[in-house]
Amino acid sequence: MGLVNWGRMGLADAGPGFRSTASGIAISMAGAAAIALGVPAAKAQQAAQPATGQQADRKKDDEKGAAEGTLLDKILVISRTGETAIQSLASASHVDQEQLERRMATTPNEMLLGVPGVTVQADARRVSSGINIRGLQDFGRVAVIVDGARQDFQRSDHGTQSTFYVDPELIKSVDVIRGPVANTYGSGAIGGVVFFDTKDADDFLKPEESWAASVTGRYETNGKGWTTSASGAYRFNENWDALGNIVYRDYGDYKNGGGDTVAGTGFDVLSGLLKTTIRPGENSELKLGWVGSSDGWTETSGGVPANDVDLKSNTFTARYNISDDAKSWLDLHINASYNKTVLDLTTLVPQNRFDPTTGLPVVLPAGSLSTFDVGTTGIDIWNTSRFETAGIAHELTYGGDWVGDDVETGGTTGGDSFYTPSGKRNVSGAYIQDKLTWEWLEVIAGLRYDSYSLKDSDHEASGDRLSPRITVGVSPFESAALAGLQFYGTYAESYRSPSLTETLISGNHPAGVTFPFLPNPNLKPETGKTVEFGVNYKQNDILEAGDALRLKAAYFNNNVEDYIDGVTLSAFDPTSGCPFGPGIPICFQYQNFAKAKINGFELESVYDAGWGYAGLSASIINGHTISYEGERADLASIPSSQVTAQLGLRFLEDKLTVGGEVQYNGKPKGNPVAKGYTLVNAFASYQATDNLKVDFRADNLFDVKYANPLNGSTTAVLYEPGITLKLAATMRFGG
């Protein structure tokens, strides 16, 4: 087992029942009252929380018929051909602003609730998250992108290896594409892509307004946490606007479903967003943006505070596009970005470590500093040309991208940063893809070229590869009931280069158990080869005029050749290359496996009508590795199988929405200690006046004691939060 897999545990058992929520509700109501009293009166004649605009949009959709009224009908920001999720011949999902507001998310995990095939792993450091898609995660297997900027921060640890930092309050929508069909969105994304799109002034301002502002206050009972958010937008003229948003969260340690306080889970974070949109011409647009976070939390070891963590993350983006209906060959996009994440780790108590050079034991005194500094620069350029040949419509997309990671780690000798090696890595690619449409037939054919190079002061590695994709979709029926039924099949390949840590990690394991880490500059890149069969179905006016049903389902089989994972080598085996040294006679090294085989089924569906909506999603995933000697082992990164049901009811001319979610999580195959568990959530949202909106939510309503099976620990099981009540009030004004 690898470092990231040691002691992976997942336990779930019913808590002591649904403990009395009266006191929690009383606290929430008091908090809401304080929020409302503390917010100045609105000054605008026509003011509303952005949800009001969404409600108006939904009414327009109802008037047009529900063809554009469901989540699967929203155009994907990540799409390079302007597709919606239901139109995409791939496993794609969209989470919009209304959903995000309903979930009152504190962490990315809550933003992605119920998205099939997607699991967010976060340990006690709830502000740092890693995303798992179809059992693949860490080291760039899932490309996490914020406004076009890759988030490549990585720190070697027992939990998730690759993390990102973004506050849900700043996010307008989230797009997810699962599987290697996402290879046009950057190198290495053999698992898929998650794209976070931040808020824009144009979404916040009403058409008649030149300025607007809002203030939100929220209280959460579990951890006694407060969130304060303020937004402001200004429209200088019809071709120039700007938006600013600042968010502060202050949370104490939460209690799990058993009523026990989980040490080290408190944090305080200050986040901000600045974005301006400039339209130089009728058909062009330039977006300049900054997203930043300043986080702090305390790490524990055995329930005792061990390290103070200070993190600064800043992302700068520039996105330009130009298109012209009169020039069908022109739909050009140019993205440039820079992300800088710096994490400083200060020891609170003396800690036993080992000198990474000599291997001799040392004592790391209290106050010692370790620094993780990761800078990522990216450029992404593509164009889509649209034309016809012999009655066949073409959408020809071609482009290229480059991402450079510059990792610098250091600090006191023997500090934790030595296990995340310094170095530079460059990955680049170019691709061409043609989407051909003829009546009932769609064909997508693409080819991508990838190359990489990485180095430190002593090692260097490089490689390249061509990866194809072919997708065929058919819509064979013409009858009214079946005209919206589409079947598709895909074969796609993708390529992931080894990361700096996988290739260059060295030194000795820190306190407790002593053994060396061995670098492996001979690692082969991973190659994902996926076969997927799917169905899309859309139908309007089923039970009543204006309603809509949308459904996507897919079966996939992914073979990741030369899969990279950590292995334990025995010093007693002379062929292992593991030397005898102080401590136990083993070594740790990242090595290639012949392949990882992952297969599964995904479903996403939604029914929307004027009275409300209902949704059902599911994912079942299985996976294992096969060594070059043919030995099979369960893949520790396989998440729980999930089924999520959602129901929302609308009242009072859409001013009031109430509903809930039920999610069942099954025991992952091969995890000997994990248990299944079921979570129940409830929510209500009320647009009290044009100027005031109140939101309420109860997460884990029945106080279940559970743990995410992906969270690994060598010392203890990390249980997730028990019942959490949230109450928020938002005032908006403008003119």
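Which side chain is joined to that of lysine 287 by a polar contact of 2.9 Å? The partner is aspartate 200, where a polar contact is a pair of N or O atoms within 3.5 Å, one able to donate a hydrogen and the other to accept it, and residues adjacent in sequence count only if both atoms are side-chain atoms. The model is predicted, with local features requiring pLDDT of at least 70 and side-chain atom pairs pLDDT 80 or more, while totals for chains, interfaces and linings use all residues. Residues are numbered from 1 along each chain as its sequence is written, and side-chain values use heavy atoms, without hydrogens and water.

The protein chain contains six helices and 38 strands, assigned as DSSP runs (helices H or I, at least four residues; strands E, at least two) and numbered from the N terminus. Of its 735 residues, 58% are buried (under 20% relative accessible area; exposed is over 50% and partly exposed lies in between, with a 1.4 Å probe and protein chains only). Contacts are defined by heavy atoms within 4.5 Å; of those between residues at least 6 apart in sequence, 67% join residues at least 24 apart.

Lysine 287 is placed in strand β13 (residues 284–301) and counts as buried at 16% relative accessibility. A second polar contact, of 3.4 Å, joins its side chain to that of threonine 277. Beyond neighbours within four places in sequence, the residues in contact with lysine 287 are Asp200, Thr276, Thr277, Thr317, Ala318 and Arg319.

Lysine 287 also belongs to a network of salt bridges whose members include Asp147, Lys172, Asp200, Arg279, Glu285 and Arg319. A salt bridge is a side-chain nitrogen of Lys or Arg within 4 Å of a carboxyl oxygen of Asp or Glu, and the count by this rule is 46. Within the network, arginine 279 and glutamate 285 meet at 3.6 Å, N to O; arginine 279 is buried at 18% relative accessible area, whereas glutamate 285 is partly exposed at 21%.

Aspartate 380 and arginine 80 form a salt bridge of 2.7 Å, N to O. This pair links distant parts of the chain, 300 residues apart: aspartate 380 is in strand β18 and arginine 80 in the loop between α2 (50–64) and β2 (91–95). Aspartate 380 is buried at 12% relative accessible area, as is arginine 80 at 11%. In another salt bridge, the closest N and O atoms of arginine 141 and glutamate 502 are 3.9 Å apart. Arginine 141 lies in the loop between β4 (130–133) and β5 (142–146) and glutamate 502 in helix α6, so this pair ties together parts 361 residues apart in sequence. Arginine 141 is buried at 3% relative accessibility and glutamate 502 at 1%.

Aspartate 562 is in the loop between β27 (548–561) and β28 (564–570), and asparagine 700 in the loop between β36 (692–699) and β37 (705–706).
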